[in-house]
Amino acid sequence: EEIEKAQEKEQQIKNLSDQLNKLKEDFTILENELIDKTNDNYDVSRISLSDLKGYIKAIQIDISTGNVDDANINLNFAYEEHSTQKTKLDNVEKIALVNRLRNNIILFTTFAGAILTFFALYELLKKKKENIADISKKIIHKKKKK
């Protein structure tokens, strides 16, 4: 009877391991989709895979310790979390150009301010150069008069 229970538990752990491997593959696919959507300027700010990753780690721990019941519970939570995040990812919208510009307005204003500063510095140095030339001409004229 104990041998049967041990074999049954071993079979359950094998099934859980198979399901965990499938979940890991699904997680990787979801993570790649998230990266692609982020690179394509979609609003993915509400999507977080950290809870799903935590469930996967918990399942791994439960399997390694032989805790089949907790592993099953965490597996159900993980599938639910995967489904929720997958639905959110499938329904994300592209960020409008106006919003992207608004998000980067500090960068644009800093760049414009730097350009204006360079022009102002150039004009200031040009004026100083002219003033120095005028002063030196006056000094030369004064010396010639004496």
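The legends below describe close-up views of a predicted model.

In this predicted model, local features need pLDDT of at least 70 and side-chain atom pairs count only at pLDDT 80 or more, whereas totals for chains, interfaces and linings use all residues. Residues are numbered from 1 along each chain as its sequence is written, and side-chain values use heavy atoms, with hydrogens and water left out.

**View 1. A negative surface patch is formed by Glu1, Glu2, Glu4 and Glu8.** Patches are made of residues with over 30% relative accessible area and no salt bridge; like charges are joined within 9 Å, and nonpolar side chains (Val, Leu, Ile, Met, Phe, Trp, Tyr) within 5 Å. Asp and Glu count as negative and Lys and Arg as positive, while His and the chain ends are not counted. The place of a charge is taken as NZ of Lys, CZ of Arg, CG of Asp or CD of Glu. Glu4 belongs to helix 1 (residues 2–39); helices (H or I, at least four residues) and strands (E, at least two) are DSSP runs, numbered from the N terminus. Glu4 is exposed, with a relative accessible area of 57%. Here, buried means under 20% relative accessible area, exposed over 50%, and partly exposed in between (1.4 Å probe, protein chains only).

**View 2. A nonpolar surface patch is made by Leu97, Leu101, Ile105, Ile106 and Phe108.** The patch covers about 510 Å²; accessible areas come from the Shrake-Rupley method with a 1.4 Å probe, and for residues only the protein chains shown count as cover. Helix 4 (97–103) and helix 5 (105–145) are the elements that give two or more residues to this patch. Helix 5 gives the most, with 3 residues. Ile105 lies in helix 5 and is partly exposed, at a relative accessible area of 45%.

**View 3. Ile63 is a buried residue of helix 2 (residues 50–65).** The relative accessible area of Ile63 is 15%, and this residue is therefore counted as buried. Leaving aside neighbours within four places in sequence, Ile63 is in contact (heavy atoms within 4.5 Å) with Ile13, Leu16, Ser17, Leu20 and Ala71. The C-alpha atoms of Ile63 and Gln12 are separated by 9.6 Å, although these residues are 51 residues apart along the chain.

**View 4. His82 is a buried residue of helix 3 (residues 68–90).** Its relative accessibility is 15%. Not counting residues up to four places away in sequence, His82 touches Leu23, Asp26, Phe27, Leu30 and Leu52.

**View 5. Lys14 and Asp18 meet in a salt bridge.** Side chains of opposite charge can pair when their charged atoms come close. A salt bridge is a side-chain nitrogen of Lys or Arg within 4 Å of a carboxyl oxygen of Asp or Glu, and the structure holds 4 of them. For Lys14 and Asp18, the N to O distance is 3.3 Å. Because these two residues are 4 residues apart in helix 1, they are separated by about one helical turn. Lys14 is partly exposed at 46% relative accessibility, and Asp18 is partly exposed at 40%.

**View 6. Glu33, Lys86 and Asp90 are linked in a network of salt bridges.** In the bridge between Lys86 and Glu33, the closest N and O atoms are 2.9 Å apart. This pair links distant parts of the chain, with Lys86 in helix 3 and Glu33 in helix 1, 53 residues apart. The side chains of Asp90 and Lys86 also meet in a salt bridge (3.5 Å, N to O). Lys86 is partly exposed, with a relative accessible area of 27%.
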